[in-house]
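Please look through the sequence and the structure before reading the points below.

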Amino acid sequence: MLGVIVEAVGELIGDAVGSAIAEPWSRRRRRRLQARGRIHAGLRVVEGSLPGLSSRWTHGRWQVDAGRLARHSTLVHVVRLDGAPRTPSFRESFAVDPDCAVFRGVTGQGEVEIAVLRDQVDWFLDRLDMARGERATVR
């Protein structure tokens with residue numbers, strides 16, 4: 001019994017220390033990507049069809065420029081963002097970080113959802129060059 005308690009306490013301490021080390025490292029990594037105009041995000045098609053994307057989440061480093069996201073040979077032209085960003089559902093949290101804001105983007109070929117970590121939302125919207133009026137409050 002004592003061994004189980006010691007193991008549980010050890011895991012809690014390990015998680016706390018690991019989190020304290022990992023979070024600053026992850027933040028620094030995200031800033032370095034942003035300096036190159038990139039962001040780690042997830043995209044999926046909700047309506048229509050876009051080459052290189054499906055209805056399943058596609059994660060990776062996306063180059064973000066005015067009105068477009070690019071990754072390898074996949075290019076997504078975003079005309080506008082519709083509605084307020086939402087939080088991933090419980091089911092989606094297995095594929096998307098629960099700390100993401102999920103935006104619905106309208107493209108010329110359909111609609112996509114774009115999952116971006118909340119601490120990167122302002123940078124993402126500025127880089128994507130979406131007008132302030134098209135932005136919704138992110139909670």
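Rings of Phe, Tyr and Trp (for Trp, its six-membered ring) pair if their centres lie within 6.5 Å; planes under 30 degrees apart count as stacked, over 60 as edge-to-face and the rest as tilted. By this rule the count comes to 2 aromatic pairs. The structure is a predicted model, and the points below describe what that model contains.

**Aromatic pairs**

- The ring centres of Phe 90 and Phe 94 are 5.4 Å apart and the planes stand at 80°, so this pair is edge-to-face.
- Phe 90 is exposed, with a relative accessible area of 66%.
- Phe 94 also counts as exposed, at 68% relative accessibility.
- In the pair of Phe 103 and Phe 124, the centres are 6.0 Å apart and the planes are at 40°, so the pair is tilted.
- This pair links distant parts of the chain, with Phe 103 in strand β5 (residues 100-107) and Phe 124 in helix α2 (residues 121-128), 21 residues apart.
- Phe 103 has a relative accessible area of 4% and is therefore buried, since buried means under 20%.
- Phe 124 is buried as well, at 0% relative accessibility.

**Overall fold and confidence**

- The chain has 2 helices and 6 strands.
- Read from the N terminus, the order of the elements is α-β-β-β-β-β-β-α.
- Of the 139 residues in the chain, 37% count as buried.
- Among contacts between residues at least 6 apart in sequence, 51% join residues at least 24 apart.
- The mean pLDDT of the chain is 82, and 74% of the residues reach 70 or more.
- The pLDDT is below 50 over residues 132-139; this stretch has 17 contacts in the model beyond near neighbours in sequence.

**Strand pairing**

- β1 and β2 run antiparallel and are joined by 6 bridges; across this pairing, His 40 stands opposite Arg 61 in β2.
- β1 and β6 also run antiparallel, joined by 6 bridges, and here Gly 42 stands opposite Ala 115 in β6.
- β2 and β3 are antiparallel and share 3 bridges; Gln 63 stands opposite Ala 70 in β3.
- β3 and β4 pair in the antiparallel sense over 4 bridges, and Ala 70 stands opposite Leu 75 in β4.
- In a regular strand, the side chains alternate between the two faces of the sheet.

**Two hairpin turns**

- The hairpin of β2 and β3 has 2 residues between the strands, and Gly 67 takes a positive phi near 75° there.
- The hairpin of β3 and β4 likewise has 2 residues between its strands, and His 72 lies in the turn.
- Which value does the positive phi of His 72 take, although this residue is not a glycine? The angle is about 55°.
- His 72 is located in the loop between β3 (68-71) and β4 (74-86).
- With a relative accessible area of 76%, His 72 is exposed.

**Nonpolar cores**

- In soluble globular proteins, nonpolar side chains tend to be buried together.
- The largest nonpolar core has 21 residues, and the members that touch the most others are Leu 53, Trp 62, Leu 69, Val 76, Ile 114 and Phe 124.
- At least two residues of this core come from each of β1 (38-48), β2 (58-65), β4, β5, β6 (110-117) and α2.
- A second, separate core has 6 residues, including Trp 57, Val 96, Cys 100 and Val 102.

**The surroundings of Trp 62**

- Leaving aside neighbours within four places in sequence, Trp 62 is in contact with several residues, among them Gly 37, Ile 39, Leu 43, Leu 53, Leu 69, Arg 71 and Val 76.
- The charged end of Arg 71 sits over the ring of Trp 62, 6.0 Å from the ring centre.

- Arg 30 belongs to helix α1 (residues 2-35).
- Is Arg 30 buried or exposed? Arg 30 is buried, with a relative accessible area of 14%.
- Arg 30 and Asp 119 are 89 residues apart in sequence, while their C-alpha atoms are 9.6 Å apart in space.

Key:
Residues numbered from 1 in each chain as written. Heavy atoms only, no water. Buried < 20%, exposed > 50% of the residue type's maximum accessible area, 1.4 Å probe, protein only. pLDDT = per-residue confidence, 0-100. Contact = heavy atoms within 4.5 Å. Lys NZ or Arg CZ within 6 Å of the ring centre and 35° of its normal. Core = buried A, V, L, I, M, F, W, Y, C linked by side-chain atoms within 4.5 Å. Pairing = 2+ DSSP bridges.
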